[in-house]
Protein chains: 2
Amino acid sequence: MNFCSQCGAPVVISIPPGDTLPRHICERCGAIHYRNPKLVVGCIPQWQEKILLCRRAIEPRHGLWTLPAGFMENGETAEQAAIRETMEEACAEVELDDLFSLISLPRISQVHLFYLGRMNAPVYAVGSESLEVELFAEEQIPWDTLAFSSVEVSLRAYFKDRRSGMLGQRPPVSFAF
Amino acid sequence: MNFCSQCGAPVVISIPPGDTLPRHICERCGAIHYRNPKLVVGCIPQWQEKILLCRRAIEPRHGLWTLPAGFMENGETAEQAAIRETMEEACAEVELDDLFSLISLPRISQVHLFYLGRMNAPVYAVGSESLEVELFAEEQIPWDTLAFSSVEVSLRAYFKDRRSGMLGQRPPVSFAF
């Protein structure tokens, strides 16, 4: 950030009165521009014993496999974001159950949320941000070519909970990278 | 947003190629300025049978009672944000257990997270953003003067789970306003 988005004047970085952290502040209009972590929201779409993964057609991690997820938009709920992203990336309709995982990524100032999702039919297709979309049984998961550590943590916990009968029975997986 | 924070030129609102929503776009440098929901993170600080509330010394909702919480900062985890906010607003040290509630507020583009927090001693004080900080038993909760609906939903679910022995035993309360 170099310029004030309100008035267009240059900004400086300093700690506002009463604050503890440096912020971008406009020297002309006084606006303080806060920058906050972004939410990435998605789901684990389940069809029978399989889950749906997307191979990314976009950067970062082009060509690698991920759960459908993306940046939450203003004006929607977290659940709406997860449903929307699953439709956009995998052309799949899901109903959501509980939040399954919450992963903080402080180095990139993101928080990733994954819900448990239920598909009512094996209906899916390649969305505009995907190269491939496919259902995987546990033993077929492409562990070596997953796009994000938050996806790997969530999937490993998911299969562990499924084997132990604890799926959806406990607080969400909490992790930080 | 009126001006590009990168180059200072005026922005226009239009849908970028490949996108589905209008964004603020710089006509000079082409920067697309996304706006995303903000995370407000806090906890339910517990000491024996009581929980710690703060009476707000700042707007919005000056003078009303709230759980310690505030905007998550870049570079921290959600848990660190909850611990930091509890120290800033109530001068209380907490250890966190699981995420207890996730409340979406799409009309103001916020997501509120509340963790279960444990105080190891009844040590607290009035932080700079608080007028009063006090421990409350369930029957003392100032239901009529709570600051935020997300706080009320979280507290009602908390006491319900505590009575039924389900506290920390299930997925987080999920709600939208």
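**Close-up views of a predicted two-chain model**

**Figure 1. The fold of chain A, element by element.** Start at the N terminus of chain A and you walk through β-β-β-β-β-β-β-α-β-β-β-α-β. That makes 2 helices and 11 strands in chain A. Helices (H or I, at least four residues) and strands (E, at least two) are DSSP runs, numbered from the N terminus. The C-alpha trace of chain A spans about 60 × 35 × 30 Å along its principal axes. This is a predicted model, where local features need pLDDT of at least 70 and side-chain atom pairs count only at pLDDT 80 or more, while totals for chains, interfaces and linings use all residues. Residues are numbered from 1 along each chain as its sequence is written, chains are lettered from A and ligands numbered from 1 in the order in which they are written, and side-chain values use heavy atoms, with hydrogens and water left out.

**Figure 2. How chain A and chain B are related.** The same surface serves both copies, as 98% of the contact residues of chain A recur in chain B.

**Figure 3. Where the two chains meet.** Here 43 residues of chain A are in contact with 42 residues of chain B; contact means heavy atoms within 4.5 Å. The size of an interface is often given as the accessible area lost when the parts come together. Chain A and chain B bury about 3500 Å² between them, and 53% of that is on carbon and sulfur atoms. Buried area is the accessible area (1.4 Å probe) that two parts lose on being put together, summed over both. The interface also holds 2 salt bridges, each a side-chain nitrogen of Lys or Arg within 4 Å of a carboxyl oxygen of Asp or Glu. One of them pairs B:Glu73 with A:Arg23, with the closest N and O atoms 2.6 Å apart.

Figure 4. A search of the whole structure turns up 3 cavities of 30 Å³ or more. On a 1 Å grid over the protein atoms alone, a cavity is a set of points where a 1.4 Å probe fits but cannot get out, and lining residues have an atom within 4 Å of a point. Grid points are joined across faces, edges and corners, and a volume is the space filled by probe spheres set on the points. The largest cavity has a volume of about 50 Å³. Its lining includes A:Pro171, B:Phe100 and B:Met166. Strand β8 (residues 95-105) of chain B gives the largest share of that lining, 3 residues.

**Figure 5. The second largest cavity.** This cavity has a volume of about 50 Å³. Among the residues around the second largest cavity are A:Leu116, A:Arg170 and B:Pro171. Strand β8 (residues 95-105) of chain A gives the most to the lining, with 3 residues.

Figure 6. Most residues other than glycine have a negative phi, and most peptide bonds are trans. A:Glu59 and A:Pro60 are joined by a cis peptide bond with omega about -5°, and A:Pro60 sits in the loop between β5 (50-56) and β6 (65-66) of chain A. In chain B, the bond from B:Glu59 to B:Pro60 is cis too, with omega near -5°. A:Cys91 is not a glycine, yet has a positive phi of about 50°. Look for A:Cys91 in the loop between α1 (78-90) and β8 of chain A.

Terms used. 1 Å grid on protein atoms, 1.4 Å probe; cavity = no way out; pocket = protein on both sides within 12 Å on 5 of 7 lines; lining within 4 Å.
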